[in-house]
Amino acid sequence: MRAALRRLAQFAERRLPALTRLRRPEPLPIELGRRRIYIVPTAFGLGFGVLLLVMLVGALNYANNAALLLTCMLGSAAVASMLPAFRTLDGLRLRGIRAGHALAGEPLELVLDFAAQRPRESVRLDCAGESLAFALQGTAELRLRLATSRRGWQPLPRLKLWSTWPLGLFRAWSWLHPQQSVLVWPRPETAGPPPVLPGDARERLRPQAGEELAALRDYRRGDAPRHIAWKASARHHDLLVKDFDRPEPRESWRLDWQALRALEREARIARLARWLGEAEAQGRRYSLQLPDERIDTGSGPAHYARCMSALAVLP
Amino acid sequence: MSSPAATPLDARSFDLVALGLAAVLALYLPQLPWWLSAALAPILALRWWRRRHRQARTPAWLKLPLLAALLLSIVSWYGNLFGQAPGAALAVGLLVLKLLETETVRDARVGMSFSCFALMAALLFDQSLTATAGVALGLLPPLAALRSLEPGRRPPSSLWRELPSGLGLLAAALPLALLGFLLLPRLNSPLWGAPNPGEQRSGLSDSMTPSGFTRLLVDDSPALRVGFDGPPPPPEQRYFRAYVMDRYDGSSWTYRDVANQSPVPVEAGQTVRYHISLEPTRQRVLPTLDVPLAAPPDASLRRDRVAMADKPVTALRDYSLESAVRYRLEPQLGPHRARWLQLPSGFNPRTLALGHAWRQRHGGDDAAIVQAALALFHDGGFRYTLAPAELGRDAMDDFLFDTHEGFCEHYSSAFTVLMRAAGIPARVVTGYQGGYWNALGRYLLVRNSDAHAWSEVWLAGRGWVRVDPTAAVRPQRISQGAAAAVPGQLPWYQSGWLQAVRNRWDIVNRWWNLSVNGFDALRQRGLLKPFGIRDTDASTLALLLAAGCVLCMAGGLAWVWRRREPEDAARAALRRLERKLARLGVARHAGEGPRDYLQRAAHALPAHHDRLIELMHHYLELRYAHPGPVTGPVRALQRAVRDFPVVRVVK
């Protein structure tokens, strides 16, 4: 039954895109209006309608006007509940979508920013199998987790905003198809060799004398006597040691696309991604050389994100 | 869609569901046998407590025996499961038991839907204004419960705050509900069954025992509706005869139906033509105004001009008749005289003695004896009451000499016995008297509570003459109808100021009965009379209903689709100032900026110069000096504008 219904819906969507929920992607912000909010009775609403009909026939049959009045009242309230259902969605704005970062295969966090002038109750959002219910007063930020499968730009799926407020008898819904894509980073390989460093790397890393004085600090055992700042120590009762700005304890990595000629494309990307992750985790400085882009040496989350994004959008 | 329905209920929703069911149970209390209410209320309370405080489910081994016990007890109490009273008991019982297994959203929805149905069915028992208002209030918990089932709402802080939310919806629904109520075509005859199959709600019966009427006299349902050609007869002539009873056995009067006797002759003086629409009675008698001249179709006249239909009346029956309201019925009594003098032997010795005594005193003057009897009722300390004391074996003796209280049955019965004892041919006639003249629909609505019994005595030269001994006791019964006649038995709440309040309130009840409960097919047909449409038929009604629904829909959509632009507070204040200045004669030109305008106004109104310049600076600063919206200075501006005087300066 459910499968048949779904097939019917798919058929209708194919044949009657204007009538059904298929919408072209549109730029943000999206404001829901009466031209795009649909409303139908729910299964419960249909059942309630049948019950109302029975009540109506009973009241008419027994010529019981009080019961008839009550039935009319209940029926009109049921019908009138369409209006709050519509108003729950009408005028709702999706102002923006912020996407987090995620490796392919891991869920990506989306933050949807909704706003409305009137307070709303019981708005529901369906997105790619996930369902949320929220109330809204002014603005609301919703966090959604979007499943990802492969690297690169991934268009946002259609979002369904719907509500059965207030009585659950009618279901108003609207489809949102934001014209926005999220970038999914490549998934690093799980294990592999470390990057091959150029021969002079170690040489460059040796601590070099005569570097700039950075600070004075307390003497610790094992400090070389030539580093002791005697003049300064004379004015103190402890020995002070000159601390020099020392080079990185670890060598920086120059990650090069061309160096991995032996691997095929996706494997190269996965390896580079792993190296980037390791370098970032170990606090190294690193640079990335891609076929048509070069990212200079750097470190930190922003640098990492830039590198990963560059990897992600590789053709 | 299936998963939300299977989600478990939260505490608030469960509370509301339990409250809704408790409301149903409370509204049904008058209809349920006491033991059932006494059993169901603790079950409901216990179940609520156990789920809310113990998070416990009810095990199946408890549910099934409870269900079986419910069915068994109802069957053993009522004898069956069908019919209105056992049906109601069953429905309420099942609803309460439904709470035992209410765990999910779907259960709650089912329970609340059926409690709406049960609430409606409660009105089949009692459709007074108070009952209807109670039931309407009973709708609030189900509506609130259905709201609470929606996920992602902001629940109000307390349970009781949930309830008024439904009021808004009901208020919004009111126009459409009234439209539907007015225009839904009423059925002329029921599709199935009579309203109360178990109950003998048949109006009059062909035998009359004292106190047999009491049920009837409190039954407010319509019995017949009468339209007249010409003006309606005055209230004291609105006697609708049904049965003419001749046989008395000491306790009850009975009517003997003898077919194939030609009706007795009548000399008609003044006649009235009228049409009666009779509610189903499942009896054959057709009430007629006074003495009918001929039988309606599919019916015949019996000897005493009682109209009998060929088949019992099971559906609304319309018939037209011509009746004599001034007449001489059976001018010559002939050989039947003994039949109208029959009295059982060995009953009511004191009554018989009184009759004999009157005969002795007044000799041959029958009319004087009638007057003596009426005087006895009028001055003998008799009371009209619907709840008279019990009468013993010699019922008429007890009534006449002991209790002195009763209603029409007692008076007509006692009067007839007295007349017969005095040797005057007399008989009891039952039927309806009075009725409500509906000026709008131009018809007389006669209810079952208008049932009445009176007497006829045969006087030489005048034939059968109607004598209504009840009128001697309580003239209001005849002139104002049944309702006016019984403020007799006064419990504490019927005395003093409370009684005055209740009488006033009774107007509301009457209004409710007339306008809502009495709005039937006939009145619906006359709905458009003010607009010149004499007879509104079902198709017109349906058309009107459709048009009205479209109108309501348009109204609803207009409400829903309107977009209110949030107006800038500072600009609103400026606009208000403009209006004030316009009244002072300085209107803003099109294309004039606020600065130019206010400067011009300041020059034109030297009395307000400083104030206006200050306002201008204030406005301009608000408008252009702040990067974001500000509230404090806006308030100040609003206040300044509000305080700006518009009184013309007297020069």
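This is a predicted model: local features need pLDDT of at least 70, side-chain atom pairs count only at pLDDT 80 or more; totals for chains, interfaces and linings use all residues.
**A walk through chains A and B**

Hi everyone, let's begin with a sheet in chain A: four strands in the order 1-3-4-7, forming an open sheet with antiparallel pairing. Which strands sit at the edges? They are strand 1 (30-31) and strand 7 (139-146) of chain A, and each of these pairs on one side only.

Now over to chain B. Here we have 24 helices and 19 strands. Chain B has 651 residues, and 36% of them count as buried. As for contacts in chain B between residues at least 6 apart in sequence, 72% join residues at least 24 apart.

Let's pick out one helix. Is helix 2 mostly enclosed or open? Of its 18 residues, 15 are buried, so helix 2 of chain B is largely enclosed by the rest of the structure.

Next, a pair of helices. In general, two packed helices are described by the angle between their axes and the distance between the axes. For helix 10 (residues 165-183) and helix 20 (residues 538-561) of chain B, the axes come within 9 Å and cross at roughly 175°. An angle over 145 degrees counts as roughly antiparallel, and helix 10 and helix 20 of chain B are therefore roughly antiparallel to each other.

Who meets whom there? From helix 10 of chain B come B:P175, B:L176, B:L179, B:G180 and B:L183, and they meet B:L541, B:L544, B:L545, B:G548, B:C549 and B:C552 in helix 20 of chain B. The residues of this contact divide into nine nonpolar, two polar and no charged.

Finally, how do the two chains touch? In all, 45 residues of chain B are in contact with 45 residues of chain A. The elements of chain B giving two or more residues to its side include helix 6 (105-122), helix 18 (496-517) and helix 20. Helix 10 of chain B gives the largest share, eight residues. On that side of chain B, the residues divide into 31 nonpolar, seven polar and seven charged.

How values were computed. Residues are numbered from 1 along each chain as its sequence is written. Chains are lettered from A and ligands numbered from 1 in the order in which they are written. Axes are lines fitted to C-alpha atoms, for helices over the stretch in contact, and angles run from 0 to 180 degrees between N-to-C directions. Angles under 35 degrees count as roughly parallel, over 145 as roughly antiparallel, 65 to 115 as roughly perpendicular and the rest as oblique. Two residues are in contact if their C-beta atoms, placed from the backbone, lie within 7 Å. Ala, Val, Leu, Ile, Met, Phe, Trp, Tyr, Cys and Pro count as nonpolar, Asp, Glu, Lys and Arg as charged, and the others, Gly among them, as polar. Two strands pair if DSSP finds at least two bridges between them. A residue is buried if 20 or more other C-beta atoms lie within 10 Å of its own, exposed if 12 or fewer, and partly exposed in between; C-beta atoms are placed from the backbone.
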